[in-house]
Amino acid sequence: MDRFISIEGCEGVGKSTQVKYLKEYLEATGQQAVFTREPGGTPVAEKIRDIILKEQMSELCEAHLFAAARIEHIKQVILPATSQGKLVVCDRFIDSSLAYQGYARGLGAEKIMEINDFAVKNCMPQCTVFIDMNPLNSWRKQKGKVIDDRMEEESAEFHLAVYEGFKKLVELYPERFICIVPQEDKLLTAESIVEALRTRGIIR
Ligand code: TYD
């Protein structure tokens, strides 16, 4: 869908920092954009987020809860903004479900697409920025980071599988994905993201 970008990546690869830099760039250049995140983005979806990240549950229940939160988010936030021509930037979206629940949890891409039928039909991102970094080079290595949710508590193997899942998605959808290998200097990474989005005519 036009004017809708998602940003994806494994835990601890600096995704939030890059979202923040992109926001600053758009503000500084006078480009209006709505920044949001998943799971979350609406009061109901934030409550679902708390349940997902705190409570033990089956893989299938987890996948459905992410999808349920996504439907609320699309209806309440994303579609109202894009229908007014606004640019929407979402920190994580359906590719996280495909990589985490589909690939790492083993439910499979087909099942995730089926559960996320509403998003697939109404709200696929025009473009997805993938911060391409192996989580084993970053994950749990952030100084002083408190591990406080169910996903972060998962094993190194799980996080590696998530990364493999994302890499497969990049291969499967080369037109949609922008793959950015982060550099040590975060500002240079931010510049590469801006440049790639400008080249595609999504931002100025
Ligand atoms: P969050 O604290 O937002 O993580 P991050 O800062 O890394 O984005 O927690 C969201 C967690 O939920 C994160 O581990 C990724 C996971 N997730 C899924 O497993 N499936 C999904 O569909 C989404 C949107 C997130």
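**Sheet and ligand**

Author: Arg37 stands opposite Asp91 in β3. The model is a predicted one, in which local features need pLDDT of at least 70, side-chain atom pairs count only at pLDDT 80 or more, and totals for chains, interfaces and linings use all residues. Residues are numbered from 1 along each chain as its sequence is written, and side-chain values use heavy atoms, with hydrogens and water left out.

Reader: In what order do the five strands form the open sheet?

Author: Strands are DSSP runs (E, at least two residues; helices are H or I, at least four), numbered from the N terminus. Two strands pair if DSSP finds at least two bridges between them; β2 and β3 (residues 87-91) are joined by five and run parallel. The pairing in the sheet is parallel, and the order is β2-β3-β1-β4-β5.

Reader: Which strands stand at the edges?

Author: An edge strand here has a single partner strand, so one side of it is left without a neighbour in the sheet. The strands in that position are β2 (33-37) and β5 (177-180).

Reader: Which helix supplies the largest share of the shell around the ligand?

Author: The shell holds 15 residues, with Glu11, Lys15, Arg92, Ser97 and Gln101 the closest (a residue counts if one of its heavy atoms lies within 4 Å). At least two shell residues come from each of α2 (43-54), α3 (59-83) and α4 (94-104). The largest share, four residues, comes from α4.
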